[in-house]
Amino acid sequence: MIANPCGHEWIVFLTQQTEEQALDAALITAISGLSKLKVFALYINKHFNPQLHPTLLNVDSKIDSLRSDELMLLLDKVSKNKVRVSSAFESVTMYVPMSYLGTVIGLLMVKSKDELPEGIGVLALHILNVYANQLALIHKSRLDPLTELLNRQTFDKKVIEILSEEDFLAKDEAFAVSKSWYLAIVDIDHFKRVNDNFGHVIGDEVILLVSRLLKNNFRLEDYVFRYGGEEFAVLFQSFDKAAARGTLNRLRANIAEYPFPQIGNLTVSAGFLELSHVDMVASLVHKADLALYESKNNGRNRVTAYSDLNLVDDIASDDGIELF
C-alpha cells in the first residue's frame, strides 16, 4: 500500500488495528511505505511514562541502536509537533517526535543521503501521533474500569503470549540462570464480611486500595490483573521459587500492615506456581487456585506454592490437541 499525499490510507489502516502487535506491524509498514524512507529507527515509550526510556520497535533497523542517555537527550531536543533535520558527513538525519496528550513518548529517526521533502516529515508526524492515540485506546480497552488494573480478558491473552515467546519455548540449560515467569492468584481474606458490614461502596474502596498496593509491589514489566471480584492475578518474573515467594510475602505483609479507612486491617492469601512448561491457561489457573486454597485452609494471610502440595501433574502428551 502506497500512501497518498495526506496519508489517508495509512491513518485508516492504523485505526483499524485492535491488537498491539498488529498495530506495531502496521506502523512499521506505514513508515516503510512513505516515499524514500528506507533507513529508519522507531523508538517508543509504550508505558507512556516519562521516567522510562523508549525502546526500539523495529529491531531489524539498519541504524545502530542508541544508548539510553543519547535517546533521552534527543527526546529533550525535539518538540511535540516539530520535525528536526541535521546534516553531517554527507548524510542527512531527520528526527520526528511521537506525542500523546502533549508529551513526547517516542521518536522516528530517518537517515538518507539527501534531504527529504518537508511533506514527508509532516506526514510521518501525523502517522506517529495516530499510532500513539490508537495504542492508548488499546491499552484502555485492557483495563478493569474500577481498579485500572489489566482485566480478565487480557490475562488469558498475556499468558498465551508468554508461553508462546521464543525464549520460553527454547528454555534449556542455557537459560538456567535467567528469570522465570510465575503466576500468582491473590485473594482478599473474608472480603464478604467487608461488604456485609460496611457496604459495597467501602468494599469497592478496599479493592481499589489493594489494587494500588499490588501495583506498587511489582515492577512495570510485571503484569497485575483484576481477575474477578476480590481476586487478583499477577504474572511476574523471578530468579527462583524462593525469590518469588519472597516477593509475594512482601506484598502480603504490606497489605496486612496497611490501615484501611473504616475497616482497619485486613489480609490476603496467595497461591503461585512457575510457568515451567506450555499448558492450558485454565490448567495453570487451577493449579494456582489449589495453592491459594491451601493458604486459605491453613489460617489465611499465607503464601503457598503449588509445588508445596506435592501433587503429580498430568502433562499433556503431543497427540495433536491444541493447548490454546
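Reply: Begin with the elements. DSSP runs give both kinds: helices (H or I, at least four residues) and strands (E, at least two), numbered from the N terminus. Two strands pair when DSSP finds at least two bridges between them. Now the case here. L101 takes a positive phi near 50 degrees in the hairpin of β4 and β5, which has two residues between the strands. Two cautions come with the model. It is predicted, so local features need pLDDT of at least 70 and side-chain atom pairs count only at pLDDT 80 or more, while totals for chains, interfaces and linings use all residues. Residues are numbered from 1 along each chain as its sequence is written, and side-chain values use heavy atoms, with hydrogens and water left out.

Me: In what order do the strands of the open sheet with antiparallel pairing run?

Reply: Read across the bridges. Five strands make up this sheet, in the order β2-β1-β5-β4-β3. Its edges are β2 (55-56) and β3 (84-88), each pairing on one side only.

Me: How many bridges join β4 to β5?

Reply: Nine, with β4 (residues 91-100) antiparallel to β5. T93 has K111 as its bridge partner in β5. On to β1 (residues 39-44): six bridges join this strand to β5, again antiparallel. There F40 stands opposite V110. β1 also pairs with β2 in the antiparallel sense, over two bridges. I44 has T55 as its bridge partner in β2.

Me: How many residues of β5 are buried?

Reply: Buried means under 20% relative accessible area and exposed means over 50%, with partly exposed in between (1.4 Å probe, protein chains only). In β5 (residues 103-112), seven of the 10 residues are buried.

Me: Which strands does helix α3 lie across?

Reply: Lying across is judged by contact, meaning heavy atoms within 4.5 Å. Directions come from axes, which are lines fitted to C-alpha atoms (for helices, over the stretch in contact), with angles from 0 to 180 degrees between N-to-C directions. Helix α3 (residues 68-77) lies across β1, β3, β4 and β5, at about 105 degrees to β5. Helix α4 lies across β1, β4 and β5, at about 35 degrees to β4.

Me: At what angle do α2 and α4 pack?

Reply: About 175 degrees, with the axes of α2 (residues 20-33) and α4 (residues 118-141) 10 Å apart. That makes the two helices roughly antiparallel, a label for angles over 145 degrees. From α2, E20, L23, D24, L27, A30 and I31 meet I127, L128, Y131, Q134, L135, I138 and H139 of α4. The residues of this contact divide into nine nonpolar, two polar and two charged. The classes are set by list: Ala, Val, Leu, Ile, Met, Phe, Trp, Tyr, Cys and Pro are nonpolar, Asp, Glu, Lys and Arg charged, and the others, Gly among them, polar.

Me: Is Q17 buried or exposed?

Reply: Q17 has a relative accessible area of 14%, so this residue is buried. Q17 is found in the loop between α1 (8-15) and α2. Beyond its neighbours within four places in sequence, Q17 is in contact with A22, L23, A26, Q134 and I138. Its side chain reaches the backbone oxygen of F13 at 2.9 Å.

Me: And is S65 buried or exposed?

Reply: S65 counts as exposed because its relative accessibility is 55%. The residue lies in the loop between β2 and α3. Sequence separation and distance are read apart. S65 and A41 are 24 residues apart along the chain, and their C-alpha atoms are separated by 8.2 Å. Compare L116, in the loop between β5 and α4. L116 counts as buried, at 12% relative accessibility. L116 and V92 are also 24 residues apart in sequence, and 8.3 Å apart from C-alpha to C-alpha.

Me: Which strands form the open sheet with mixed pairing?

Reply: Five strands, in the order β7-β8-β6-β9-β10. The edge strands are β7 (223-228) and β10 (303-305). Seven bridges join β6 (residues 180-188) to β9 (residues 268-274), and these two run antiparallel. L183 stands opposite L273 in β9. Helix α8 (residues 200-217) packs on the sheet, touching β6, β7 and β8, and its direction makes about 0 degrees with that of β8. Helix α5 (residues 152-164) lies across β6, β7 and β8 (231-238), at about 135 degrees to β7.

Technical notes: Angles under 35 degrees count as roughly parallel, over 145 as roughly antiparallel, 65 to 115 as roughly perpendicular and the rest as oblique. A polar contact is a pair of N or O atoms within 3.5 Å; within protein, one must be able to donate a hydrogen and the other to accept it, and residues adjacent in sequence count only if both atoms are side-chain atoms.
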